[in-house]
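User: Got a model I'd like to go through with you. Can we start with helix packing?

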Amino acid sequence: MTEIKTTPFDDQKPGTSGLRKKVGIFQTANYLENFVQAIFDTVPDLNGGLLILGGDGRYHNDVAIQTILRIAAANGVARVMVGHGGILSTPAASNMIRQYEAVGGIVLSASHNPAGPDGDFGIKFNVANGGPASTAVTDAIFERTKMIDHYRTAEGSVDLDVIGDSAIGDMQVTVFDPVADHADLMERLFDFDAIREMIASDLSLCFDAMHAVTGPYATEVFVNRLGVDPDGMMNVQPLPDFGGGHPDPNPVYAKTLFARMFADDAPDFGAASDGDGDRYIVLGRGIYVSPSDSLAVITANAHLAPAYKNGISGVARSMPTSRATDVVAKAMDVDCFETPTGWKYFGNLLDAGRITICGEESAGTSSDHVREKDGLWAVLMWLNILTVRRQSVMDILRDHWGIYGRHYYSRHDYEEVAKDKAEAVMATLRDQLADLPGRQFGSEVISDADSFTYHDPIDGSVAENQGLRVMFESGSRFVMRLSGTGTAGATLRLYLEAYEPKDGVHDADLAERLAPIAAIADEITNLKQIVMRDGPSLVS
Ligand code: G6P
Ligand code: ZN
């Protein structure tokens with residue numbers, strides 16, 4: 001073991017989901033080393049314990065894994081289980097931590113952000129429940145990075161392509177195939193026999209893994225276990241630069257899948273997953289299911305899948321996620337929690353058994369089977385629902401809106417905006433919050449406006465300034481917040497939601513239906529003028 005002198009970096013504060021920076025920054029001498037040592041300094045139980053390690057396979061993943069292994073060995077970790085090739089999807093990492101009772105896991109990912117030498121990289125620490133560390137832990141890691149003066153490292157490396165055991169110093173390293181464990185877990189939760197039968201008889205399916213981590217997991221589940229025609233599987237080979245693409249499953253970046261699902265000869269069901277496999281989208285023939293609607297439909301229908309047949313204890317959504325799920329929860333008479341953006345906020349509710357299902361507008365949905373969002377889980381849940389209801393995706397949505405009303409929903413992102421400009425927009429809105437209630441804009445009257453504060457009902461912690469909400473008497477709403485996952489400038493997110501009651505119009509054009517809310521948001525915040533843009537850079 002060697003101790004290497006180092007000096008702190010001042011920008012190692014984890015955001016919504018770990019520390020994300022350009023690859024070049026992670027290649028700076030001691031940058032990764034400092035952060036990893038700070039994790040070991042903050043979580044002493046790792047000494048003598050088991051650590052799960054892997055990443056989404058993006059550029060720099062392999063180099064970073066060897067560095068982390070050496071630092072882990074020097075910090076007394078007893079054993080590291082690392083995914084084959086250094087690759088591990090985020091939900092699989094969460095499952096591994098739980099299944100093998102690890103002290104924690106280190107997940108290397110920048111999720112959907114582009115990869116490659118000029119792309120992004122990220123590192124996230126997950127705790128023993130399998131979920132992302134709470135803000136208390138990430139704050140402590142950040143504090144440690146500010147005073148770090150040395151890190152420990154050892155000699156050695158591991159061939160990540162060879163499954164089996166080896167060692168660095170006294171630390172055992174096990175390279176394992178993570179695919180089977182995750183597929184087994186899925187098979188325990190869903191009715192694979194019924195899904196296989198439906199796929200064989202009357203459901204055509206396509207799945208786009210976007211050249212990211214989910215490819216092998218999806219191939220195992222869909223092709224090997226459920227009999228899907230391999231022709232339906234798109235981009236299943238993981239690549240370090242995601243094939244030059246942007247593995248963000250949304251209407252813009254999953255263009256090919258959308259074209260296929262809106263073609264005359266579209267399959268019945270389409271889905272895609274993101275860079276590290278925690279997010280997903282679902283489409284039916286000629287219809288895209290917004291992630292907020294997907295959470296609501298899953299909440300209403302989860303009992304159709306074997307593992308959830310006794311019902312759910314409650315549900316949670318992140319604050320900007322549409323309130324479609326709240327309506328379902330109310331009808332089911334179960335709790336619906338509103339948490340800040342970031343999966344870590346669901347952890348306490350899941351651990352305490354207060355919720356079974358949770359999800360976000362950013363295309364993550366999951367349950368208490370792991371402590372991360374799980375793209376394949378959500379896709380399989382939809383398939384299981386389809387096997388029981390024997391309806392098209394479109395009919396399921398139409399029925400849903402007919403019972404609960406429709407929350408038209410869209411997110412407008414203004415990416416790579418100058419930080420001061422993005423903050424000026426937020427300040428403009430924040431300064432008016434108190435005066436907004438009661439004011440009328442066109443046919444909308446504002447009922448409430450605030451800055452969202454979350455009081456965790458389990459540990460009493462408080463998270464302030466989690467986004468600005470403007471609610472209308474009609475049940476519509478807009479929300480504005482700054483993204484915590486970007487790596488260049490600031491990303492301003494405007495979340496638009498227009499409510500149409502159950503006997504209202506459910507087939508209006510999405511953009512048209514949301515236009516009045518977007519116009520009001522712009523009028524109040526002066527958004528376009530301040531950021532000097534005609535419109536958002538991404539609509540999802
Ligand atoms: C990651 C997190 C999610 C979050 C999403 C967007 O995927 O795990 O919890 O919703 O990023 O976060 P952002 O701060 O960029 O809106
Ligand atoms: Zn992701």
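User: At what angle do α7 and α13 pack?
Analyst: About 75°, with the axes 9 Å apart. So α7 is roughly perpendicular to α13 (65 to 115 degrees). Axes are lines fitted to C-alpha atoms over the stretch in contact, and angles run from 0 to 180 degrees between N-to-C directions. Helices are DSSP runs (H or I, at least four residues); α7 covers residues 192-201 and α13 covers 375-389.

User: Which residues meet there?
Analyst: F192, A194, I195 and M198 from α7 meet L380, L383, N384, L386 and T387 from α13 (heavy atoms within 4.5 Å).

User: What about the model itself?
Analyst: It's predicted: local features need pLDDT of at least 70, side-chain atom pairs pLDDT 80 or more, while totals for chains, interfaces and linings use all residues. Residues are numbered from 1 along each chain as written, chains are lettered from A and ligands numbered from 1 in written order, and side-chain values use heavy atoms, without hydrogens and water.

User: Now the ligand. How many residues surround ligand 1?
Analyst: 13, counting any with a heavy atom within 4 Å. The closest are T16, K373, R481, T485 and R493.

Definitions and conventions: Helix = DSSP H or I, 4+ residues; strand = E, 2+ residues; numbered from the N terminus. Parallel < 35°, antiparallel > 145°, perpendicular 65-115°, else oblique.
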